[in-house]
Amino acid sequence: MDQILISVFLIIALFAILATGLWIGLGLVACGWLAMMLFTSRPVGDAMMTTIFGSSTSWTLTALPMFIWMGEILFRTRLSEDMFRGLAPWMTRLPGRLVHTNVIGCTIFAAVSGSSAATCATIGKMSIPELRQRGYPEDIVVGSLAGAGTLGLLIPPSLIMIVYGVAAEVSIAKLFIAGVIPGILLAALFMGYIVVWSLLNPDKIPQPTEKFSFVQKIWASRHLLPTVGLILAVLGSIYTGIATATEAAALGVVGALVVSLAQGSLNMKTFMESLLGATRLSCMIGLILAGAAFLTLAMGFTGLPRHLADWISSMGFSPAMLIVVLMVFYIVLGCFLDGISMVVLTMAVVLPMIERAGIDLIWFGIFIVLVVEMAQITPPVGFNLFVLQGMTGHQITYIAKVAFPFFLLMVAAVALIFFVPELVTWLPGKMLGPAG
């Protein structure tokens, strides 16, 4: 009973602190300080200093700012426009036609970005005006973009995967490769839904205004070469064991600079904007991780994670039931917190349960990413909803409504990877070389 009361008190204290508008990272430090001051006899200052320093100097984290910088550089190029020009000719005969460019464009850009919001914004700034101009229905355009934008979290390189890998102490390279097949699977589910919707509503999809020969389609595909080359360089180097995730991130930055220079969009202004944007986001995530590390240590001293894991174990949940409970828990949590905060806040409590249930930590990492993706399109704190609200002018409730079918497809994807775990674990098992 004492542990339950402590848990309730700390949860209320954390949300009360965050409700004041204090930065999330500092809020986590404050909650950890409260926990240690009130419920342990350990010296707070020494623990805070060593924990925050240790979490901030992790070599694994060096991949994070570089992948963020890569995405920031590419965000300022003509990459999205080139992708549309390369993809559009191939979509004219597929039911749903150019709506599929939202899904395929997000899938491709996700593989050179690590952010859901960046993926959604980059593809949206290209596709929304084009599809509106051609008369495509607003609900399927906005809904498909909201859903497909979340692929930025699942298809590597993913910022959430780096954060989870550090928190769970598992190979980030293996997490990256584990996300490839589920990412393609989810994109296929989204495209399948668009096909079915289009067949049921044939009068709502405009007829193609242009016809392309096979040779013309191949020629248009040249616009995809920079992106595909960068994807092969980053993911191929990880998969073959040539580079670790950190080294691949550095390779990605160099590749992004080369692409930007070749397109003529690299100048001192865009270079500095990308560098400052990456610095701001990296500092924000670093502060959250430092705060979460201290809160995790404080909770460990109070014994909460162990007691909660014992309590969950005593309820006799099967692995399937535990996954269902955690999925509901994260969906609810996602209504109030961003994805990175959700991961770092809960790992200290959740990981002991997962290990006790015998669930593979690489598989669980992909599950976490999928449920965090769901949170990206659930109000009131769904980041993709805010991005699309700014781009389309629609209310968040409207965007959430048209994105709901894609939310259900993510639930279906979780079910698929649960019943067929090899969708996640097979590819990492085939990796060569270093796993770091």
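**Exercise 1. Helix 8 and helix 12**

Work out how the axes of helix 8 and helix 12 (residues 180–200) are arranged.

*Solution.* 
Step 1. The two axes come within 11 Å and cross at roughly 170°. Axes here are lines fitted to C-alpha atoms, for helices over the stretch in contact, and angles run from 0 to 180 degrees between N-to-C directions. Helices are DSSP runs of H or I with at least four residues, numbered from the N terminus.
Step 2. Apply the angle classes: under 35 degrees is roughly parallel, over 145 roughly antiparallel, 65 to 115 roughly perpendicular, and the rest oblique. Helix 8 and helix 12 are therefore roughly antiparallel.
Step 3. Helix 8 passes helix 12 in a right-handed crossing.
Step 4. Asp-139, Ile-140, Ser-144, Gly-147 and Ala-148 of helix 8 meet Phe-190, Tyr-193, Ile-194 and Trp-197 of helix 12. By class, these are six nonpolar, two polar and one charged. Ala, Val, Leu, Ile, Met, Phe, Trp, Tyr, Cys and Pro count as nonpolar, Asp, Glu, Lys and Arg as charged, and the others, Gly among them, as polar.

A note on the source: this is a predicted model, where local features need pLDDT of at least 70 and side-chain atom pairs count only at pLDDT 80 or more, while totals for chains, interfaces and linings use all residues. Residues are numbered from 1 along each chain as its sequence is written, and side-chain values use heavy atoms, leaving out hydrogens and water.

**Exercise 2. Ser-144**

*Solution.* 
Step 1. Contact means heavy atoms within 4.5 Å.
Step 2. The side chain of Ser-144 makes a polar contact with the side chain of Asn-102, at 3.0 Å. Such a contact is a pair of N or O atoms within 3.5 Å; within protein, one must be able to donate a hydrogen and the other to accept it, and residues adjacent in sequence count only if both atoms are side-chain atoms.

**Exercise 3. Helix 6 and helix 7**

Describe the crossing of helix 6 (residues 100–110) and helix 7 (residues 116–133).

*Solution.* 
Step 1. The axes come within 9 Å and cross at roughly 150°.
Step 2. That makes helix 6 roughly antiparallel to helix 7.
Step 3. The crossing is right-handed.
Step 4. The contact divides into six nonpolar, six polar and no charged residues.

**Exercise 4. Helix 10 and helix 19**

Find the arrangement of helix 10 (residues 159–168) and helix 19 (residues 339–356).

*Solution.* 
Step 1. The axes come within 10 Å and cross at roughly 25°.
Step 2. The two helices are therefore roughly parallel.
Step 3. Helix 10 passes helix 19 in a right-handed crossing.
Step 4. The contact includes Tyr-164 of helix 10 and Met-347 of helix 19. By class, the contact has 10 nonpolar, one polar and no charged residues.

Definitions and conventions: Left-handed = near helix turned anticlockwise from the far one by under 90°.
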